[in-house]
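Hi,

Here is the structure I promised to pass on. Have a look at it first, then read my notes below.

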Amino acid sequence: MLKYPSALNALEQITACAKGKKIALFLDYDGTLSPIVDNPEHAYMPSAMRTAVKNVAKYFPTAIISGRSRDKVYEFVGLTELHYAGSHGMDIMGPVRESESIGDHPNCIRSTDKQGKEVNLFQPAGEFLPMIDEVFRSLVENVKDIRGAKVENNKFCVSVHYRLVDEKSWPAVAHCVCDVLKDYPRLRLTRGRKVLEIRPVIDWDKGKAVEFLLESLGVNHCNDALPIYIGDDRTDEDAFKVLMERNRGYGILVSSVPKESNALYSLRDPSEVMEFLNSLVKWKKSA
Ligand SMILES: O=P(O)(O)OC[C@H]1O[C@H](O[C@H]2O[C@H](CO)[C@@H](O)[C@H](O)[C@H]2O)[C@H](O)[C@@H](O)[C@@H]1O
C-alpha cells in the first residue's frame with residue numbers, strides 16, 4: 001500500500017506550478033466536503049466548509065462531482081456559483097460558452113438552471129431512467145427485511161447502503177442485490193464506502209465528467225489549465241486516472257490511511273480539505 005504526500009505540505013509546489021495557469025477545481029461530496037455519517041440523509045456540509053467552497057469558487061471555476069443525484073447534492077451544498085454533476089458524472093449541468101462544440105455532443109441539451117441561467121445539460125444514461133426506477137423499487141422490496149439496509153435513488157444509479165447492517169447480514173445484502181441484477185445485464189455493480197452501487201453499463205465515469213466540464217469551461221485543450229480533483233472514494237479514481245494519464249493537474253485523495261491510488265497527493269479528512277481550499281484562496285489573493 002502506498003502513501004501519498006500531503007497536499008498541504010506540497011502547497012508551495014502546487015502553487016508554483018499554478019502560476020500563470022487556470023486552476024479548475026473538482027470536488028467530490030461525501031467524505032470530501034462532508035464527513036461520512038451513518039445516515040446518508042444526514043451528510044450535511046459544515047457551514048465553514050460551505051464558506052470555504054464559496055470563496056474558492058470566486059477565484060477558480062469549481063464543480064462538484066458526486067455519486068448522489070444532482071438535485072440532492074445541490075440541496076446539501078446550496079451554492080449557485082458552482083457547477084454540479086450527479087450520478088457519478090452521468091448528470092452534468094455545465095456552463096454555456098459563446099463558441100463551443102460541447103453543445104453538439106449527443107445527449108447534451110440546452111436547459112436553464114434554478115436561477116433561469118442558460119446551461120448545458122448532459123445525461124448520457126437518459127435511456128436507463130425507467131430501468132433504474134424499476135431496479136430501485138425491486139431493491140427496496142428485496143432488502144426490506146434486512147435491518148439497517150437502505151436503498152437510495154440517485155437518478156441514474158442506485159445505492160444500497162449496509163453501514164448500519166449487522167456484519168453477519170452483509171452477505172444477505174449482496175445476495176439481494178445480485179439477485180435483482182441478474183435480470184439486468186445492462187447494469188453493473190461497483191463498491192463504495194459500505195455501499196453497493198448499481199449503474200448503467202456505459203462508457204462514462206467521473207473521469208469523463210472532468211473532461212466534459214473542462215471542455216465546457218473552454219480549457220480542455222489549453223496547456224495552461226491546471227485541474228485539481230479532490231475525492232475519497234473508488235469512483236474518484238477514474239478522475240485521478242484521467243489527470244495522471246494526461247499528465248496534467250493534481251489528483252488529491254482524501255484518506256487518513258495509506259491506500260493504493262492514482263492520486264498524486266493526499267489530505268487526511270474533510271477538515272484538511274477545507275484548510276487546503278482556504279490556502280488556495282489565500283495564495284490567489286496574495287499573488
Ligand atoms: O461521490 P460521492 O459524493 O462521494 O458519493 C458516493 C456515495 O456517497 C454517499 O454514501 C456515502 O456517504 C454516506 C454519508 O456519509 C454514508 O452513510 C455511506 O456509507 C457512504 O457510502 C451516498 O449516500 C451514496 O449514494 C453515494 O453514491
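Let's start with the shell around the ligand: by class, it has seven nonpolar, six polar and nine charged residues. (Ala, Val, Leu, Ile, Met, Phe, Trp, Tyr, Cys and Pro count as nonpolar, Asp, Glu, Lys and Arg as charged, and the others, Gly among them, as polar.) That shell holds 22 residues, and Val37, Glu152, Arg163, Arg193 and Glu197 are the closest; being near takes a heavy atom within 4 Å. Strand 8 (158-161) and strand 10 (195-200) each give the shell at least two residues, where strands are DSSP runs (E, at least two residues) and helices are runs of H or I, at least four.

A quick word on the background: this is a predicted model, with local features needing pLDDT of at least 70 and side-chain atom pairs counting only at pLDDT 80 or more, while totals for chains, interfaces and linings use all residues. Residues are numbered from 1 along each chain as its sequence is written, and side-chain values use heavy atoms, leaving out hydrogens and water.

Now the polar contacts (N or O pairs within 3.5 Å). An oxygen atom of the ligand sits 2.5 Å from a polar backbone atom of Arg193, and a polar side-chain atom of Asp30 is 3.1 Å from a ligand oxygen.

On to the rings, which pair if their centres lie within 6.5 Å and count as stacked if the planes are under 30 degrees apart, edge-to-face if over 60, and tilted otherwise. There are ten aromatic pairs. Tyr29 and Phe76 are stacked, because their centres are 5.4 Å apart and their planes are at 10°. These two are 47 residues apart, with Phe76 in helix 3 (residues 70-77).

Cheers

Definitions and conventions:
A polar contact is a pair of N or O atoms within 3.5 Å; within protein, one must be able to donate a hydrogen and the other to accept it, and residues adjacent in sequence count only if both atoms are side-chain atoms. Rings of Phe, Tyr and Trp (its six-membered ring) pair if their centres lie within 6.5 Å; planes under 30 degrees apart count as stacked, over 60 as edge-to-face and the rest as tilted.
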